[in-house]
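Q: I am new to this structure and would like to learn how to read its features. Please show it to me, and then I will ask about it.

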Amino acid sequence: MELKLEVVGREVIKPASPAPHDCLPLSLFDLSCPAVYVSTIFFFKALPGESSEIISRRLKSSLSETLSSFYPLAGRIDGISISCNDEGAVFTEARTDLPLSDFLKNNLDNTDSLGVFFPQILPGESAETWPLLSIQVSFFGSGSGVVITVAISHKICDAASLLTFVSRWAATAKGESSDVLVTTPQFAGATIYPPPHSSFKSPSMDDLFELRGKCVTNRFVFKSAKIAELKRKAASESVPVPTRVEAIASLIWRCARNASRSNSATPKSTMMTQAMDLRLRIPSNVLSRDSIGNLQSAFFLKEGSESQMEIGKIVAEFRKAKEEVNEMIEENLQGYNTASTITTTTLGQNLLSVMGNFMAELKPDVDLYTMSSWCKKPFYEVDFGWGTPVWIGSASHAIYDNIVYVVLMDSKDGEDVEVWVGLPKQDMYVFVRDQDLLNYAILNPPVLI
């Protein structure tokens, strides 16, 4: 059955208490991020007997409380900083008569069906200015479920930041009491990467995304048994036991390159970049696990137009490049124990060099595949009071249909991996028919609850 979702309300939620600071500087990394929303869609079964009106009121009041701690999210980007003016976050409410189980069973063969859950961006609104946070809460028919979409500007947050915010909001909505719930997390972006000079003009990557044309997104599920099989295929003398992410990302890159090659008159070089969460690599006394910002580094691999891109070789290069960045971070942190001046340390300079080296390689005649792994991040532990999500999806592709990207996420059981892939339309046509990929992955399967 087709989903008909009706928007029944849209309002601005302001923080319950005023912001303690007037402004927050953005970092060079923040400003180089594309002006898009990082977003996640959480699908929950609703508790019987709790009306949508009660749920909506509770979500709005708890959001207002949470924004007091995450006050920059209620602000507006003004040049190279965030004006913490308590302007607020957008809260949209929508309803459908369709039961949640019917939607998940029958409507996921096309990922575009998820676009209705993404909060509408009205004229004059943008991830580059305001709102920095937009929420949509959608109620399914007969009290069968609730969908909460959280979209945060990539100019201020990465995926780990989004998860920290949602987890705190959910705990507040449940009525949990803890000192943590009233503390303000560290907005640490400009403590890792320096803020720019006032005359700085952002080297936006938006233009590079445009070069690939209209993109199509599909979802591929790798079952645990198939992942084990792929890891065996990807093993080599230098990497006898590849990780799930190494094996899957290498296969996706190879198949995407092959698809692009089949549509190109002249074979191109290809690049893959993988984001690395600095919170997992810098001691928590320097950078706390719940810090907010674009707290990432990355490594990248480049293959020439004639490369065979054998899976075991890619995995070995993947591991080597990742370990080089890890070792650089570790060496530069020797004896270091405060985050206050990290931008002026050799680590800060080297992280900037990594970023600069990557930007220098971005050229129109090179196919770029941007990859992120959300595996092992506890998205499936978010609980607003109705239990944990039955499924987590994405809808950014419905708004930004010109971005080539790959995101890996754990499935609910933690054993399988779901991979969201956005490729140029002509490449996706070939990609979804690649038997090398379909030997290991299932295309757009239903979710049964």
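Q: Is Asp436 buried or exposed?
A: Buried means under 20% relative accessible area, exposed over 50%, and partly exposed in between (1.4 Å probe, protein chains only). Asp436 has 18% relative accessibility, so Asp436 counts as buried. The model is a predicted one, in which local features need pLDDT of at least 70 and side-chain atom pairs count only at pLDDT 80 or more, while totals for chains, interfaces and linings use all residues. Residues are numbered from 1 along each chain as its sequence is written, and side-chain values use heavy atoms, with hydrogens and water left out.

Q: Where does Asp436 lie, and which residues does Asp436 touch, not counting those up to four places away in sequence?
A: Helices (H or I, at least four residues) and strands (E, at least two) are DSSP runs, numbered from the N terminus. Asp436 is part of helix α13, residues 435–438. Contact means heavy atoms within 4.5 Å. Not counting residues up to four places away in sequence, Asp436 touches Lys233, Leu251, Arg254 and Cys255.

Q: With which side chain does the side chain of Asp436 make a polar contact?
A: A polar contact is a pair of N or O atoms within 3.5 Å; within protein, one must be able to donate a hydrogen and the other to accept it, and residues adjacent in sequence count only if both atoms are side-chain atoms. For Asp436 the partner is the side chain of Arg254, at 3.3 Å.

Q: How do I read Glu303 in the same way?
A: Glu303 lies in strand β11, residues 296–303. Its relative accessible area is 7%, so Glu303 is buried. Leaving aside neighbours within four places in sequence, Glu303 is in contact with Trp253, Ser269, Thr270, Met309, Lys313 and Glu317. The side chain of Glu303 also makes a polar contact, of 2.8 Å, with the side chain of Ser307.

Q: How many salt bridges does the structure hold?
A: Side chains of opposite charge can pair when their charged atoms come close. A salt bridge is a side-chain nitrogen of Lys or Arg within 4 Å of a carboxyl oxygen of Asp or Glu. The structure holds 25 salt bridges. One of them joins Glu50 to Arg58, with the closest N and O atoms 2.5 Å apart. Glu50 is partly exposed at a relative accessible area of 23%, and Arg58 is partly exposed at 24%.

Q: Which parts does the salt bridge between Glu361 and Lys302 tie together?
A: The side chains of Glu361 and Lys302 meet at 3.0 Å, N to O. Glu361 lies in helix α10 (residues 346–361) and Lys302 in strand β11, so the pair ties together parts that are 59 residues apart in sequence. Glu361 is partly exposed, with a relative accessible area of 25%, and Lys302 counts as partly exposed at 38%.

Q: Which residues are linked in a network of salt bridges?
A: The network links Asp158, Asp277, Arg279 and Lys377. Asp277 and Arg279 are both buried. Arg279 also forms a salt bridge with Asp158, at 3.0 Å between the closest N and O atoms.

Q: What are the domains of the chain?
A: Domain bounds come from an automatic or database domain assignment. Here the assignment gives domain 1 (6–192) and domain 2 (212–378 + 396–443). Their centres, taken over C-alpha atoms, are separated by 26 Å.

Q: How is the boundary between the two domains described?
A: Buried area is the accessible area (1.4 Å probe) that two parts lose on being put together, summed over both. Between domain 1 and domain 2 it is about 2900 Å², of which carbon and sulfur atoms give 64%. In domain 1, Phe29, Thr111 and Ile192 lose the most area to domain 2, together 23% of what that side buries. In terms of contact, 38 residues of domain 1 meet 34 residues of domain 2. The count between the domains is 1 salt bridge and 14 residue pairs in polar contact, both residues at pLDDT 80 or more. On the side of domain 1 that touches domain 2, α4 gives the most, with 6 residues.

Q: How does the span of α4 compare with the expected one?
A: The expected span of a helix is 1.5 Å times one less than its number of residues. Helix α4 (residues 159–174) has 16 residues and reaches 22 Å from its first C-alpha to its last, close to the 22 Å expected. Just after α4, Gly175 takes a positive phi of about 85°.
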